[in-house]
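Here's a walk through the model, one contact at a time. Keep the viewer open and follow along.

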There are 2 protein chains.
Amino acid sequence: MRDAYHEELDSIGDGLVDMARLVGSAIGRATTAILDADLKLAESVIAADEKVDNLQRDLEGRAITLLARQQPVATDLRIVVTSLRMSADLERSGDLAQHVAKLARLRFPESAVPHDLHATILEMGQLAQRLMAKAAEVIISKDVDLALQLEQDDDAMDLLHRALFQHLMDDRWKHGIETAVDVTLLGRYYERFADHAVSVAKRVVYLVTGEHADEMSPQGDVEGA
Amino acid sequence: MRDAYHEELDSIGDGLVDMARLVGSAIGRATTAILDADLKLAESVIAADEKVDNLQRDLEGRAITLLARQQPVATDLRIVVTSLRMSADLERSGDLAQHVAKLARLRFPESAVPHDLHATILEMGQLAQRLMAKAAEVIISKDVDLALQLEQDDDAMDLLHRALFQHLMDDRWKHGIETAVDVTLLGRYYERFADHAVSVAKRVVYLVTGEHADEMSPQGDVEGA
């Protein structure tokens, strides 16, 4: 009985890693789609989010079945409840990648991103993808040091976000309001995506160290935004 | 034993209602703060979010204790797990109200909202507050019809959001980029706040009817944004 139980617990962990990989790939592809104004790629990212949603539903179903049948306590219970939260973070990250792709589709055949911001958006997209790749690694390895690295990466994301806004606010901005609105939303999507990746990693730290959940909710920061 | 259990379950429900009331009040006050450029009110909204966070932490702790001690199954288990999700929606709604207040603080002594958009933002703020008041009522009454009303209210929010963007995109927009960025973010905050209120109500519907979780995740919609 206990063996089947731990197998089921492992499979929930595997499901989380699958979700993290899918949404990491999605944010990378969505970034390419928006920079290249690639409609086909955008459509594929939009369609692929269903896979993430299905994975989450499946994972939640298994977590609830496990709670009902095995009635875990202490650490095991904490793992299952925390997994539910991580799956919500990952599902939401998938939505955000989809938002980027939808913006690409909305502006096609134009690119939503003006040339002088390509480099910044590319960096935000790459950083978001790296953050999620590290979050997946943290789920697998339970490496607390690696988890803490994600916070530094997130600081880098905040700097990029700030740079984006400085660019927007610059008197020399010549791309008009529509593009300013697009870039504002885009910046917000990447920032929130990164928050969720950090949140996933912090929840693993909580499981390993028992450190309080206070530190663990994604912090959307309006300053500089 | 079962009595103490149902008392505990009820108190989790009460905690959710308290959270919904606090964040409903917060979005109302944050809206007043940003429209009137009232720094003191903004600060009070920002400070009050800690209460919401504490309520959530408390509620989660009690839910986990209940899972461990009482090991509920079937409907009771579903109630506890769904409560955890609702508390996450409400905590996030509190963050969004705080974001509105932070924007008010950031632009003080100016108002972040130009005069010709006061009426729209006021309407969005009021609608957000009403949505959350109804969500609280749905938690108490478990009234499925009322829960379904929230979706219509959310359609009204989408229309307001769209109107806001049309105004932004209008060639006659004369408030510059910074204000366009502020208004873009503000629109997003209200829209997401409404999504979370709808999500809370839908989760109650799920508990009552067993309708699938597919319909239940908040849908951020980039179209028109």
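Arg172(A) and Asp170(A) form a salt bridge, with their closest N and O atoms 2.7 Å apart; the term covers a side-chain nitrogen of Lys or Arg within 4 Å of a carboxyl oxygen of Asp or Glu. Arg172(A) counts as exposed because its relative accessibility is 67%, while Asp170(A), at 26%, counts as partly exposed. (Buried is under 20% relative accessible area, exposed is over 50%, and partly exposed is in between, using a 1.4 Å probe and protein chains only.) Elsewhere in this chain, Arg107(A), Glu178(A) and Asp182(A) are tied into one network by salt bridges that share partners.

A word on ground rules: this is a predicted model, where local features need pLDDT of at least 70 and side-chain atom pairs count only at pLDDT 80 or more, while totals for chains, interfaces and linings use all residues. Residues are numbered from 1 along each chain as its sequence is written, chains are lettered from A and ligands numbered from 1 in the order in which they are written, and side-chain values use heavy atoms, with hydrogens and water left out.

Over all chains, a search of the whole structure turns up 26 salt bridges. Helices here are DSSP runs of H or I, at least four residues long, and strands are runs of E, at least two, numbered from the N terminus.

Now look within helix 3 of chain A. Arg92(A) and Asp95(A) form a salt bridge too, at 3.2 Å between the closest N and O atoms, and both are buried. The two are three residues apart in helix 3 (residues 74-107) of chain A, so about one helical turn separates them. An α-helix has 3.6 residues a turn, so residues three or four places apart point the same way.

Next, slide over to helix 2 of chain B. Its 32 residues (39-70) should span 46 Å at 1.5 Å a residue, and the end C-alpha atoms are 47 Å apart, which agrees; the expected span is 1.5 Å times one less than the number of residues. At the start of this helix, a side-chain oxygen of Asp38(B) comes within 3.2 Å of the backbone nitrogen of Lys40(B). After the helix comes Gln71(B), with a positive phi near 40°. In chain A, Gln71(A) has a positive phi near 45° and sits in the loop between helix 2 and helix 3.

Finally, the rings. The charged end of Arg78(A) sits over the ring of Tyr206(A), 5.1 Å from its centre, and Arg78(B) lies over the face of Tyr206(B), at 5.1 Å from the ring centre. (For this, NZ of Lys or CZ of Arg must be within 6 Å of the ring centre and within 35 degrees of the ring normal.)

Terms used. A polar contact is a pair of N or O atoms within 3.5 Å; within protein, one must be able to donate a hydrogen and the other to accept it, and residues adjacent in sequence count only if both atoms are side-chain atoms.
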